[in-house]
Amino acid sequence: MEIVVCVKPVPDAETRLRIGADGSTMDIEAVKFVLAGYDESAVEQALLLKEANPGSKVHVISAGPAPRTEEVLRASLALGCDLATWVELPAGVSPDPIATARAVVRAVSAAPHDLVLCGKQAGDDEAGLFAGALAELLSIPDFSAVLDLRWDPGTSRLRFQRSVEGGLEKWEAPTPCVVALQQAWNDPRTAKLPAILKSRKLPITKVAFEAPPASSGTTRSTKFELPPPRTGAKLIEFKTPEEAAQKLVKILKEEAKVFP
Amino acid sequence: MPDFALTPEQESLRDLARKFARTEMAPHAAECDRTPRFPEEIYRKAFDLGLMNLNVPAEFGGSGLGSFDQCLIVEELAYACGGMTTSIIANCLALEPILLGGTAEQKLRFLAPFCAEYHLASFALTEPSGGSDAGSMRTLARREGDHYVLSGEKCFITNAPHASLYTVFATVDPSLRHKGVTAFVVPRSAKGVLPGKDEEKMGHRASSTSTIRFEDVSVPATDRLGAEGEGFSLAMRTLDQTRTPIGALATGIAQAALDHAAGYSLKRQTFGKPISEHQAIQIKLANMVQAVHAARLLTWHAAWTIDRGQKGTLESSIAKCYASDAALHVADEAIQTFGGYGYMKEYPVEKLLRDAKLTQIYEGANEIQRTVIARELLRGYA
């Protein structure tokens, strides 16, 4: 089967983020961008399907500026994706999820696809809008919070589960469709050193970015601010666990008034 | 202009090593040190990811990295555990004599099957009566027709109890001193190869070290590396290649010690403020970070020199010697920053001091490094 995976470069979780001088963007100086979280699960799902269905191909697509976008595409190739397409955005352009869907839809349409995978939401803004927007633009169905996706070649249908409040739903769907994956349920693999070296030499198809019309209703961020520093932590000094528990109960009753 | 920026490829290699070190090695470092335990499952994972036979060309199944890229990886691994790193990179040391001295046929015969699966190899040079004085070697290689008979004992051999292949240095005639030393490839399965029991060590306790006895071991002449008498030069050329990654290993330990000390100094309060605000601690941290930077840059410079095809004897000796001394000093100062807590095994810094100590001793003791450095230096004035 032909599988397209859409990924987004996001700041490494260990990066210390700073707000830019204009107050409405993040300062990306010295920020390390990676393939993360939900997207790793999407790539892993694509590779699992490829392994279960010999002859399958995985095509990874990303829209974003240099060099971070090339790096997540190469990371995906190192993991085992077969083809990569980069919709190159000029530096400083950071489209919202719907504009991003518009930016990649042409590349996705041009790639043969039985299935389009992506993370349920991006690891940075966590908007969770991209999959729905892309499905709408492609006029195909979409499913979110999916795990354990399998392909039944006999019926040409997908079988999967969706995580919902308090449990799991079992689903079946026709292809093609857009599927947004739940995070880290499939223990994403680590690329091996020889594959990393090889991925540096693989071709990446570059596609020029066509700016969406100004009336396309995109949102923009107006202000970032850091959460206020946390205060009010109280250390209980104690010699025995009994003493600690007694002091804690007293505070909960008399100061926090959690119970009478 | 020299460029200190890493390429995207080097960043990816470093990221791989960092991820492996922090998720697979670090969580087990304290336990493997305390028990002690040789965590073979971690070494298998390192092999699976291509982090083990770093210096072996890809055509023989290795990772085919140059010295600089090896150093980037080794520093990251050592940040998590020096002992595990020693066991992971021991193959590089053991296989280097085959890379440098083996014929095309020998490389294919020994390296390709070895690197195709998880295997460990050991470099067997040191003897009970002499480490630095390798010319005084006593392990004998007696020629008998189309084979040699090896007899003698090696000691302090990394991974020896777990290895399947040894590169062994023995002498065809002790009276020839250096000129009698000859190198052989000996499989563990050969009759009369007897690794000893694990030594109890001060540090690097996740690694395994033992003696190996050779009791009339028959080795085909076709398994000799180079000609008779070329072994000493082969051993020295091997160490020229592998000394620089020891500088990287020491740098990793030093960086870990600095990070622990700096992090602790921001949290620990005395006299009503974090100890990081006391000048006494600031001066310590400032000296520590200087040593770490210098260790890394000297290591990078030595690796860069070697990757340009030069021998790099002076540069690699400086890097190994300086970085290992720096690691011991920085680990010592990290313990001092932690005070009494630093001396307790519950905290991570005392292990760093014990692990740092070995880097001053193995792969050429720092006294030998200084002899080499002085010799190379004075050559320029003679």
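1. The lining of the largest cavity is made up of five nonpolar residues, two polar ones and one charged one. Here Ala, Val, Leu, Ile, Met, Phe, Trp, Tyr, Cys and Pro count as nonpolar, Asp, Glu, Lys and Arg as charged, and the others, Gly among them, as polar. A cavity is a set of points, on a 1 Å grid over the protein atoms alone, where a 1.4 Å probe fits but cannot get out; lining residues have an atom within 4 Å of a point.

2. This is a predicted model: local features need pLDDT of at least 70, side-chain atom pairs count only at pLDDT 80 or more, and totals for chains, interfaces and linings use all residues. Residues are numbered from 1 along each chain as its sequence is written, chains are lettered from A and ligands numbered from 1 in the order written, and side-chain values use heavy atoms, without hydrogens and water.

3. Which residues line the largest cavity? They are B:Gln70, B:Val74, B:Ile89, B:Cys92, B:Leu93, B:Thr242, B:Pro245 and B:Glu363. H4(B) gives the most, three residues. The space inside is about 80 Å³.

4. The structure has two cavities of 30 Å³ or more.

5. Now the rings. Over all chains there are eleven aromatic pairs. Rings of Phe, Tyr and Trp (its six-membered ring) pair if their centres lie within 6.5 Å; planes under 30 degrees apart are stacked, over 60 edge-to-face, the rest tilted. A:Phe143 and A:Trp171 are edge-to-face, because their centres are 5.5 Å apart and their planes stand at 65°. A:Phe143 lies in strand E9 of chain A and A:Trp171 in strand E11 of chain A, so the pair ties together parts 28 residues apart in sequence.

6. Is A:Phe143 buried or exposed? A:Phe143 is buried, with a relative accessible area of 11%. A:Trp171 is partly exposed, at 34%. Buried means under 20% relative accessible area, exposed over 50%, partly exposed in between (1.4 Å probe, protein chains only).

7. B:Phe47 and B:Tyr118 have ring centres 6.3 Å apart and planes at 70°, so this pair is edge-to-face. Both residues are buried.

8. The charged end of A:Arg68 sits over the ring of A:Phe33, 4.0 Å from its centre. The cut-offs are NZ of Lys or CZ of Arg within 6 Å of the ring centre and within 35 degrees of the ring normal.

Terms used: 1 Å grid on protein atoms, 1.4 Å probe; cavity = no way out; pocket = protein on both sides within 12 Å on 5 of 7 lines; lining within 4 Å. Points joined across faces, edges and corners; volume = space filled by probe spheres on them. Helix = DSSP H or I, 4+ residues; strand = E, 2+ residues; numbered from the N terminus.
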